[in-house]
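Have the structure open while you go through them.

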Amino acid sequence: MVETQPSLAIKLGKLELPYPTLMGSGCYGSGEEFAQFTDLRKIGAVVLKSVTRLPRVGNPTPRLVHTPAGMLNAIGLQNPGIDWYLEHEVPKYGRRPWRVIGSVAGFSVDDYAYVCERLAARDEIAAIELNISCPNVASEGETFACDPNLTAKVVRTCRGLTDKTLIVKLSPNVTDITAIAFEAEAAGADALAVINTVRGMAIDVDTWHPRLGNVTGGLSGPAIRPIAVLAVYEVARVVTIPIVGQGGIETTRDALEFLLAGATAISIGTANFTDPRVPERIVEELREYLLNRNLASIGEIVGKANVGFATAHEYEGDQG
Amino acid sequence: MTTLDLPSRVHATLVTDRRELAPGVVLLELDAPELAAATLPGQFVMAIPPSGEAAATALGVYEAEMRRASLLFFITGKRTRELAELHVGERLDVLGPLGNGFDLSGSPRHVAIVAGGVGIASVLLPAQALIRAGARVQLFYGARTAALLVEAQRFADAGCEVALSTDDGTAGYHGYVTDLLERSRKHDVVLACGPSPMLRAVARVAAQIGVRAQLSLEETFACGVGGCWGCVVPIVRTSAQAPSFPPASEGGSDVVNARICKEGPVFWNDELRW
């Protein structure tokens with residue numbers, strides 16, 4: 001008997017990917033750093049570290065603290081600036097067998113527009129993520145993702161500058177993420193990345209000093225997974241564009257939670273620090289999961305969580 | 001290797017020996033022929049927690065010969081405790097060897113190695129290599145208390161002259177290990193590994209006595225491979241490094257943040273701006 005392999009391919013706007021697994025921005029370098037530990041042909045795409053208009057030295061150390069079920073980080077967008085980046089980094093990406101998605105950060109609409117346009121003009125870059133939600137940049141990092149009007153403005157401006165897929169990365173550090181998601185879609189986003197890290201803090205009780213040089217940081221890892229799953233579920237109810245679910249995904253079961261909550265793709269970040277073979281393993285196990293359930297494609301499980309009486313009733317009806 | 005090669009630096013090792021050298025100090029010996037063959041003095045591995053429930057842990061490779069590699073570490077929390085509880089015959093996956101080790105070129109004749117606490121874990125390989133190359137190696141080894149001065153005899157057996165110090169005076173010199181270095185004044189180069197305050201003191205003493213020092217820096221790693229920029233230290237960017245090193249600021253400062261896991265963990269004292 002010839003078994004048909006289920007398809008794991010997905011689409012984010014115009015961007016077609018063979019696998020639904022993205023590597024989170026700032027967690028995976030350009031991919032090259034991990035090539036000796038896992039087969040990068042088996043990942044969907046690497047989201048590159050965010051780049052800004054001007055070089056940034058980033059936050060003081062310590063920048064990382066391990067916490068129960070997670071990690072706090074405050075890197076502070078250290079990057080060489082778009083000019084250096086385009087000249088020295090981007091040319092390398094075209095020769096790689098994995099796709100890379102550029103990530104743009106900024107402090108004004110102009111900043112985003114400038115970097116987005118220049119990055120998107122390069123063939124090596126498959127799509128653009130707008131990081132409007134970095135929690136580790138003093139006072140301004142999350143301004144855009146916390147305000148529906150500013151979100152709309154930055155997305156609309158960048159939409160006018162490129163036809164490439166625009167993924168907008170949203171913050172969990174807001175009262176109502178759905179309002180921001182709605183505006184991002186209306187302004188022309190092709191997909192939404194949900195969520196960025198959750199703001200947090202740790203204090204050394206021996207020295208009484210904060211354990212991060214930046215005092216506060218962004219919490220990632222399994223500690224934030226339920227927060228992220230809820231955010232994906234809520235956002236999926238108000239938008240029609242695909243969602244990249246992210247936040248503490250370590251196993252295939254974690255990935256499935258996000259897909260069932262409404263994510264089309266998933267992004268892996270902190271788990272790569274525990275074991276860089278996780279993305280490859282998840283792809284293989286997702287295929288097995290679909291095969292075992294006789295499903296032809298990954299899309300068949302997206303948003304299929306049985307939630308509420310109405311859905312549960314329908315489900316029972318289907319079974320009957 | 002090219003990036004298209006299949007993973008080559010993931011090692012599924014087996015624990016062949018496990019010894020508690022002192023309360024909370026553990027030596028894990030691994031059957032890891034490829035790792036042992038590839039490791040250079042001062043390199044480290046990321047040990048993947050068997051439970052998968054915590055981040056990987058960076059550990060210096062203590063010994064590497066034939067099929068054996070060993071890791072010496074202090075139990076400091078959940079992650080190291082899990083590794084310490086491994087039994088002989090159990091599997092431990094490690095990534096590595098990682099980072100740049102000590103620069104042993106230049107045929108130094110007199111070498112001082114300064115180790116503080118768990119820093120001893122990264123200096124046996126360079127000591128052995130230097131002695132093999134004909135250098136005279138003096139180990140200055142300090143710890144809080146006598147019980148934590150583990151493996152001193154191992155270094156003596158390898159041919160090092162060993163000078164000990166403890167914070168509480170229970171063994172060797174009563175005081176800082178860097179005091180011993182300061183009095184020695186006869187070395188071509190200093191290699192050091194230990195807690196940051198000790199390394200800063202080594203850098204200061206080395207500058208005073210007019211000798212260069214290589215310092216193996218400690219920092220919390222997330223990825224250990226240069227992907228996250230979580231473990232940086234300011235260094236002076238030399239013209240040889242530019243443009244592989246990105247500029248730090250618009251003004252084109254020559255001081256840049258280097259990754260301890262990737263560009264280090266070993267740096268020369270005179271390139272650091274910490």
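1. Ground rules. This is a predicted model, so local features need pLDDT of at least 70 and side-chain atom pairs count only at pLDDT 80 or more, while totals for chains, interfaces and linings use all residues. Residues are numbered from 1 along each chain as its sequence is written, chains are lettered from A and ligands numbered from 1 in the order in which they are written, and side-chain values use heavy atoms, with hydrogens and water left out.

2. Chain A, overall. I count on 9 helices and 14 strands here (DSSP runs numbered from the N terminus: H or I of at least four residues for helices, E of at least two for strands). The radius of gyration is 19 Å, close to the 20 Å that the globule rule gives for 320 residues, so chain A is as compact as a globular protein of that length. That radius is taken over C-alpha atoms, and the rule is 2.2 Å times the number of residues to the power 0.38. The C-alpha trace spans about 60 × 50 × 45 Å along its principal axes.

3. Chain B, overall. Chain B has 6 helices and 15 strands.

4. In chain A, 57% of the 320 residues count as buried; in chain B it is 56% of 274. Buried means under 20% relative accessible area, exposed over 50%, and partly exposed in between (1.4 Å probe, protein chains only). Of the chain A contacts between residues at least 6 apart in sequence, 70% join residues at least 24 apart; for chain B, residues 24 or more positions apart make up 64% of the contacts with a separation of 6 or more. A contact here is heavy atoms within 4.5 Å.

5. The cores. Which residues touch the most other members of the largest nonpolar core? They are L119(A), L130(A), L192(A) and V194(A), in a core of 138 residues. A second, separate core of 33 residues includes I120(B), Y141(B), L149(B) and L191(B). Such a core is a set of buried Ala, Val, Leu, Ile, Met, Phe, Trp, Tyr and Cys residues joined through side-chain atoms within 4.5 Å.

6. Cis peptides. Please look at both of these. T61(A) and P62(A) are joined by a cis bond with omega of about -5°, and P62(A) sits in the loop between β4 (45-47) and β5 (64-67) of chain A. In chain B, the bond from G264(B) to P265(B) is cis with omega near 10°; P265(B) lies in the loop between β14 (255-259) and β15 (266-268).

7. Positive phi. A69(A), not a glycine, has a phi of about 60°. The loop between β5 and β6 (70-73) holds A69(A), which is partly exposed at 36% relative accessible area. L77(A) also has a positive phi of about 60°, but L77(A) is buried at 8%, in the loop between β6 and α1 (82-93).

8. Two more residues. T80(B), in helix α2 (residues 78-84), is buried at 7% relative accessible area. G160(A), in the loop between α3 (148-159) and β9 (166-169), counts as exposed at 66%.
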